[in-house]
There are 2 protein chains.
Amino acid sequence: MPINQQILLDNRPVGPALASNFKLVSSQTPALHDRQVLVRHKFLSLDPYMRGRMNESKSYAAAQPLGEVMIGGTVGEVVESRHPQFTPGDQVVGMGGWQEYSVVNADQPGVLRKVDTTHIPLSAYLGAVGMPGVTAWYGLVKIIEPQAGETMVVSAATGAVGSAFAALAKARGCRVVGIAGGPQKCQYAVEELGFDACIDYKLYQDAHALSKALKVACPDGIDGYFENVGGMVLDAVLIRMNAFGRIAVCGMIAGYDGAPLPLNYPALILVNRLKVQGFIVSEHMAVWPEALKELGTLVATGKLRPRESVAEGIASVPEAFLGMLKGKNFGKQLVKLS
Amino acid sequence: MPINQQILLDNRPVGPALASNFKLVSSQTPALHDRQVLVRHKFLSLDPYMRGRMNESKSYAAAQPLGEVMIGGTVGEVVESRHPQFTPGDQVVGMGGWQEYSVVNADQPGVLRKVDTTHIPLSAYLGAVGMPGVTAWYGLVKIIEPQAGETMVVSAATGAVGSAFAALAKARGCRVVGIAGGPQKCQYAVEELGFDACIDYKLYQDAHALSKALKVACPDGIDGYFENVGGMVLDAVLIRMNAFGRIAVCGMIAGYDGAPLPLNYPALILVNRLKVQGFIVSEHMAVWPEALKELGTLVATGKLRPRESVAEGIASVPEAFLGMLKGKNFGKQLVKLS
């Protein structure tokens, strides 16, 4: 039985998350019971929502229990199976968490899914053809409901969600403008991800300055906004929203550490008759097949080629995770396990 | 031809609105052209939206032009008609503005409507069976979409919108909790308007204190909120919203004077997957017949008996209007003209 290195949540952050909140431990993988499957993880997914889970409460999801393996999406290969639907060698996606191996009770619906890696790389099932992609799809299709010719804006534009959002919105005939941190990300957004324009928010000191840049990039105003960050960026976008605009609120990463994050111009919701709606994609499982089908086609046909930031080895997970929270990643943050 | 006293917007407010922003003038009513109607106003309606119209721009509606009669709803009696569908003696509702008489081009659809005063008092067409009533109806029925057993909250609870909201929500099997200023208004809300509870926001110094009172009044949390005021009250309600709650944003009277009005906990929109939507009822004319039918029935059957604050005479309009903006009115603010 192989040795399994795992990362546990050891204690909760007070303010920013720290590497010392986590603990690396090792144990042997247990013998399988009937209908269980042993998966060797090839990639771990690191996502902003995990930061929310680290807090005691008030997050939008259940808190991550202390002393247990950190939650997270994984792709890997079946190495042992006592379940008739899985065979060693199967490529699978699941929620194995921050560890090298997971034992899966494969009878639970949706807990482990075999995937085709002929046309789609395995790691994409953690990004464009996984939870982040479906997140972009749900916010765009079900909340923003775009019309051809409208202008869509997304923050964290080069991330897994932002890049999928751009491809989905372009496919619907929209102008798509990104907001990202730094000239490299902005250049990449336009040259590789299909954005019509991308604004480097780090160049602007306050919401009003950023909103002027948005006015240039969005000469017809903003009809739909996909919110990943909150804070100054949300204020700046609100100032440029058109009447009857729609804002899908998926994340407010700027406030995950508990810093106050006020919205300075809520009256604009009334003035412009906006709809602002929060959502969590895991509560809308019914749309996943439709969304994954479109996203898989976009990836397989080369219309969505999201970038990945890949750290190596289980020990690198905490640092890679904390870096992602600060925007140090460039594209979907993964950890590759050998 | 009778003398017509009129109130014009003379200059725009800098900060709070003042009586000196208005000017009272007199003129003779002009001779009627073909298909025109002369209406003698019996009641003028004073509504918070008028404050927004006084500003240069950035309001949700076109600015009121300087030097013209202030906009506003009116009920009155036809005194002269050169239109075949109107006869002297007809009781009518229209948008005659802050003046004693109006000349109406009666061919324009919807500009003048004959009303039945057998079962419904004429003044109610400016309140419960008029724009404020339809405003409550639209926010409740089309944005909040209440389910029986859910808890609804409305601010400015004893006003024209709030009282209609309560009757409409009770008719749908909801618990209805009001927020109002002062013990008299709160007592009236519970004893006369059918609220299950009403909270006097003036007793609480900040959003957290008010939210504790809301917790007591709303033991199952808040599913729907109809926002008339903004500021601290909105923050307090947000803290108590249930998952998948809906907020209809109709007014933010607290911010009409230009004071900053930040929303301190926008992350709750995400945490609780809320929908926050602004609207202006005049953009949804298609629903008015359905809404007015229900509201008229509620008034005619005594299930909605909203209170009115009635000032007397055209010269009293500015003071009555400014008082309403500060919450000095108790129920729908009207001005009666002799």
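1. In chain A, 66% of the contacts with a separation of 6 or more join residues 24 or more positions apart; two residues are in contact if their C-beta atoms, placed from the backbone, lie within 7 Å. This is a predicted model, in which local features need pLDDT of at least 70, side-chain atom pairs count only at pLDDT 80 or more, and totals for chains, interfaces and linings use all residues. Residues are numbered from 1 along each chain as its sequence is written, while chains are lettered from A in the order in which they are written.

2. Chain A has nine helices and 15 strands, taken as DSSP runs numbered from the N terminus (helices H or I, at least four residues; strands E, at least two). Of its 338 residues, 52% count as buried, that is, with 20 or more other C-beta atoms within 10 Å of their own.

3. A rotation of 180 degrees with 0.0 Å of shift along its axis places chain B on chain A, with an RMSD of 0.0 Å. That is the relation of a two-fold axis. The superposition is by least squares on the C-alpha atoms of residues with pLDDT of at least 70 in both copies.

4. Between the chains, 27 residues of chain B contact 27 residues of chain A. Helix 7 (267–271) and strand 13 (275–278) of chain B each supply at least two residues of the side that touches chain A. Because 100% of the interface residues of chain B are also interface residues in chain A, the copies meet through the same surface.

5. Strand 13 (residues 275–278) of chain A pairs with strand 13 of chain B in the antiparallel sense over three bridges; pairing requires at least two DSSP bridges. A:Gln277 stands opposite B:Lys275.

Methods:
A residue is buried if 20 or more other C-beta atoms lie within 10 Å of its own, exposed if 12 or fewer, and partly exposed in between; C-beta atoms are placed from the backbone.
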